[in-house]
Amino acid sequence: MSFRRAVVFIVSLFSAVGAWADDEDSGYLDVQSGSLMGLVHASYGAVFAERHNVMVGVGYVPKLSYHREMMLYSLRYRYDHSASWDIAGMAFKPFSVGTGLLIGDHSDLFLQLPDKYPEGYYTPTAFRIVFNYQASLQVTPQLNAYFDMSILDVGLIGYVREPEFFNDNYDYLGLEGIANWGFGARYVF
Amino acid sequence: MFFNMKALKAKFTFLLVFVFVLTGCDYEVSPWSTDADCSNRVSIDANIKRLKEYEAQVGERDTYQVAIISDPQQYPGTFDDIIKHVNTLPEVDFILLTGDLADTGVKAEYEWVCKVMEKAKQPIFAVIGNHDALAFGKDIWAKVFGPEDYSFTYQNSKFIAYNDNKYEFENVPDRDWLAQETQGDETRDYTMVFSHIPPWDFELTLSQELKDMGVDLGVHGHEHSFDYWQLTGVQLPHYVVSSTKKKGFGILSINPSGYTLENCTNKTCEVAQVRNRDFEL
C-alpha cells in the first residue's frame, strides 16, 4: 500500500512538473543507467528559472546474481551551472549538481515500519537520498549526453563524520569509497 | 592567446581529474546490491582456519586475551582506530565482533567495515546483528561472512556464536543447535557464547537454558553501553560491550585462575564488575 501511494504521488508529480515548467518547450525525457538509479531509469524533467530542474522517474533493475528484481521511483532536483565549454563544436557543461529521493519497491524493504517492530525502531529502508554531480555534452540542440556521479546519504554522512577514514582507505580524497558512476541522455521535446 | 592557453589548460586539467575520479567510482545499479566488495579474509571459515593454524603454531597457552568489539555501524573510522589499537595488544589471540556491522543494510556499509576487518592481525569473528539483516543484509551476510550460527574451539574452550535477532528471523536462537554445540562442556575449560542481543527482557529464561547447557559466559552488544550482569537465581554472567561510536571495546582475559573482563577505550581499561539482577524465572 505504501508503495502504491509512492507511485501515485510520483505520477501526480509528472503532471505538476509539466504545469510548473518555464514554458511548454522546457520538458525533456531523461534516460539513465547506473549511479544507483537502476539498470535503466526513465524520468520526465522540466526546467524552472532557466537552471533549475525537477525530474520524476521510474527505474528498473532485473534479477541479477547480485540484485533482486525491483522497481525504483525517484523525485529529483538538479541545478545546471551556466559554465559551458566548446569541445569539437559541442557545448560541454561541466557543472550540474542535484539531489533526489529514491524509493526501492521490494517486499523486503519498507517505507512504513512493519507492525512487528516497536514504534521508531528503524528508519524506513525503502527510501534513500542520493546526491549527484553531472557533466554533460550537448550532442545536438535536442540531445544531451551526460556522466553522473552519485553519493548515497549514508556515504555523505560517513564522509563528513569521519573524513580521515575515507581519505586513508580510498583514493581520490576518499571519494572512491562513496561515489558511484552512471551515464545517461536527455531528449528535449 | 595567453588567456586562451590558460583556459585550455584549465579545461584539460578538469577533464583529466574528471576521468580519474570516474575510474575510481563503481557502476552501481542501486543502493541495494548484494555483491559487497569484501575479501575472503573476513569470512568465518577463513578465520576459523587462521585460528587453528595460529593455535598449532603457538601450542598450548594457558593465558590469552580476546578483544570484543560491537556495533561499528556507520563509524568505520572509529572502528579502524580500535582495530589498530587491538593490533598492538600482544596477548589478544582473536577478536569477537558482536553484530550491527551495518546500519541500514546497504552494501556500502558492509564494504567499509570489511576494509577495517581486513586490517585485523588476529582472526576476527562476526556474529549477525539486527541491523545487519535489514534490507538485503541477510544475503550480504551469507556471501561475505557465511553462517549465522557457528562455533570454534581454541585452547580447550569452545566459543559459540548464535543468531538471536527475533524481529528479523524466526525461531531464534536455535536451541536444538545450541544444545548440540554445548555438549561435552565438562571436558572443556570454558564454553562461551556470543550473540548480538543479550537475552531479551521478555525471555530472560534463555539465561537459565544456557546455564543448564553448561555455558560459562555470554558476550553481547546491541545496547551501546557497557554492562555485566547475571540473574540472581541463575548466576550465568552476560557481558555487554559498548558501541564503537563510544570508542569502547572489551578485553576478555583467560588465565589458569579464571577469566576477567575489562571495559576499555584506546587509552584505558577498567575491570568490569558483575552485578546481580533480580528476576523471577
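**Helix packing, strand pairing and a chain contact**

In chain B, helix α3 (residues 76-86) packs with helix α4 (residues 107-117) at an angle of about 15 degrees, their axes lying 9 Å apart. Axes are lines fitted to C-alpha atoms, for helices over the stretch in contact, and angles run from 0 to 180 degrees between N-to-C directions. Helices (H or I, at least four residues) and strands (E, at least two) are DSSP runs, numbered from the N terminus.

The model is predicted: local features need pLDDT of at least 70, side-chain atom pairs count only at pLDDT 80 or more, and totals for chains, interfaces and linings use all residues. Residues are numbered from 1 along each chain as its sequence is written, while chains are lettered from A and ligands numbered from 1 in the order in which they are written.

**The helix pair**

- α3(B) and α4(B) are therefore roughly parallel to each other, a term for angles under 35 degrees.
- B:Pro76, B:Phe79, B:Asp80 and B:Ile83 in α3(B) meet B:Trp112, B:Val113, B:Lys115 and B:Val116 in α4(B), where contact requires C-beta atoms, placed from the backbone, within 7 Å.
- The residues of this contact comprise six nonpolar, no polar and two charged; Ala, Val, Leu, Ile, Met, Phe, Trp, Tyr, Cys and Pro count as nonpolar, Asp, Glu, Lys and Arg as charged, and the others, Gly among them, as polar.

**Chain B overall**

- Chain B contains seven helices and 14 strands.
- Its C-alpha atoms fill a box of roughly 90 × 40 × 30 Å along the principal axes.
- Of the 281 residues of chain B, 48% are buried, that is, with 20 or more other C-beta atoms within 10 Å of their own, the C-beta atoms being placed from the backbone.

**Strands around β6(B)**

- Strand β6 (residues 157-161) of chain B has four of its five residues buried.
- Strand β5 (residues 150-154) of chain B runs antiparallel to β6(B), joined by five bridges; strands pair if DSSP finds at least two bridges between them.
- These two strands form a hairpin with two residues between them, and B:Gln155 in the turn has a positive phi of about 50 degrees.
- β6(B) also pairs in the parallel sense with strand β7 (residues 190-194) of chain B over five bridges, B:Ile160 standing opposite B:Val193.

**Contact between the chains**

- 40 residues of chain A are in contact with 34 residues of chain B.
- By class, the chain A side has 21 nonpolar, eleven polar and eight charged residues.

Note on methods. Parallel < 35°, antiparallel > 145°, perpendicular 65-115°, else oblique. Contact = placed C-beta atoms within 7 Å. Buried ≥ 20, exposed ≤ 12 C-beta atoms within 10 Å, placed from the backbone.
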